[in-house]
Amino acid sequence: MAAQLLNGLTEGMMLFLIASGLTLIFGITRIVNFAHGSLYMLGAFLAYHLMPMLGGSTVASFASAVLLSAILVGLLGLVFEVLILRRIYGADDLLQLIITLALVLILRDVVKAIWGANDISVPMPASLSGALQIGGTFLPLFQIVAFAVGLVVITLMVSIMRFTRAGVLLRAATDDRGMVALLGINQAWIFSSVFAVGCFLAGLAGALAAPFGNVNYLLDTNIIVMAFVVVVIGGLGSLSGALIAALSVGMVKGLGVIYFPRLSTVLIFLIMAAVLVIRSLGRGAISK
Amino acid sequence: MMKIRQLHAAYGRIEALHGVDLDVGEGEVVCLVGRNGVGKTSTMRAIVQELIQVTKGTVEFDGASVVGVPSHDIIKRGIGYVPEDRRAFASLTVAENLRVVRKGAGNGQWTVDGVYALFPHLAEGRKRLAGVLSGGEQQMLSIARSLLTNPRLLLLDEPNEGLAPKIIDEIIAAILKLKQERVSMLVSEQSLRTIRACGDRVVVIDRGASVFHGTAAEFLGNPEIARQYLMVSGH
């Protein structure tokens, strides 16, 4: 039970890392980034590629591989934003959707060309592959560490959003980005940095979660669906909403496996449907 | 300082302005009056290139055209804009709203302490969320926020609209103080409060075009104009 709980929490945390980037980008640029799952996948492959180069399966090499992968994915996001997305902010939503979808296909082929179509596995750092005995249960150490890393990222995000001017600007732009420009601030660099940070988070999640399972070129669509579910339940553009939703979805998946193994995935979509219905009722009530 | 000639502007294909002429001189308060929906807000928006496209005519500030210049650059050149609906960042506190503006923007004299001194009301509630402020407080916040960009010309779109008389007095007092500090202003309104208090000149807009230019005294001395274009008998 405790092990399943931790399972759910860790999965929820990884979902939050990817969904937070997605929701942040949407909240400010209004871009629905379908390629977010692909960037997560790319993070996993990069970690796989970099780990041996950085010294094998030690904690230090894993940590630096994760960080480096995240930075590389963030930089890719930055280039994509500056070269392509920046030109189409005013355009039809459909065009934006097609362009991020194009990136999905391109990245998938690139990954297949470089790393092949077979499953790969990213090794856990050797010293983290054990379990921690708490009471009568053994909890996998790596999961605890991954969860803790998630907590550190959340703490950093919350502090930046609350206390720095960059955070104030981001929240202001989420409220009313047009007004931010009318106070003499160039939105272009806000958009670019938000996009880069969002992609960094996707890469970070992909690299960090890579040892949990097999990594292949189909990971992109698997993860993007769950990420969208989280963002929809949490409310588009809301970070705290994404956190609550991600942890809930993780728990439903983690615990559902014990109690209703066949239903756990369906249940998540039922929750999403319920949230959407309730939210639309609320909106209806207000407009009346 | 600002010179507008034969300004035409449109929302998409729908033309809202069909020939506005307007000048604001150094240190001057110009009042833009007219009924609801005749183009006061559109004129303000056209100056800062917000939501509306200039299709013909010129808008010059300090001798340089601002047509086609991105909004944030227009603000940097020294025009401040306080929109009709105030647009305070609702989920931010008062202090955070003021923090959005880059410190030392425009190299002017306005600081956070300075705007708090102008609106003591805001200083008391600096930790409150802007979304829960009263309309008057949001108006003060919006003006304060814009002042931090250190504008030499401030556009105030219906600053008194929908506010209690006591709050209007405070806003008018602030406008007077700004005038003493030699901030040029373009103030739109449907009543005659600002004109009476500190207006130098008046431009009347009707159906998307400017139809009267004169000094405040000329405008106030000729109630026929107000009756024709405002349909209020000077309350």
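Let's start with chain B, where four strands build an open sheet in the order β2-β1-β4-β5, with antiparallel pairing. Strands pair here if DSSP finds at least two bridges between them, and strands (E, at least two residues) and helices (H or I, at least four residues) are DSSP runs numbered from the N terminus. This is a predicted model, in which local features need pLDDT of at least 70, side-chain atom pairs count only at pLDDT 80 or more, and totals for chains, interfaces and linings use all residues. Residues are numbered from 1 along each chain as its sequence is written, while chains are lettered from A and ligands numbered from 1 in the order in which they are written.

Strand β4(B), residues 53–61, is joined to β5(B) by two bridges, and the two run antiparallel. Glu60(B) has Ser65(B) in β5(B) as its bridge partner.

Helix α1(B), residues 40–48, lies across β1(B), β2(B) and β4(B), at about 75 degrees to β2(B). Such angles run from 0 to 180 degrees between N-to-C directions, with axes fitted to C-alpha atoms, for helices over the stretch in contact.

Now for the meeting of the chains: 20 residues from chain B and 16 residues from chain A take part in the contact (C-beta atoms, placed from the backbone, within 7 Å). On the side of chain B that touches chain A, α2(B) gives the most, with four residues.

As for confidence, chain B has a mean pLDDT of 94 (the predictor's confidence in each residue, from 0 to 100). The model scores ipTM 0.94 and pTM 0.89.

Notes: Contact = placed C-beta atoms within 7 Å.
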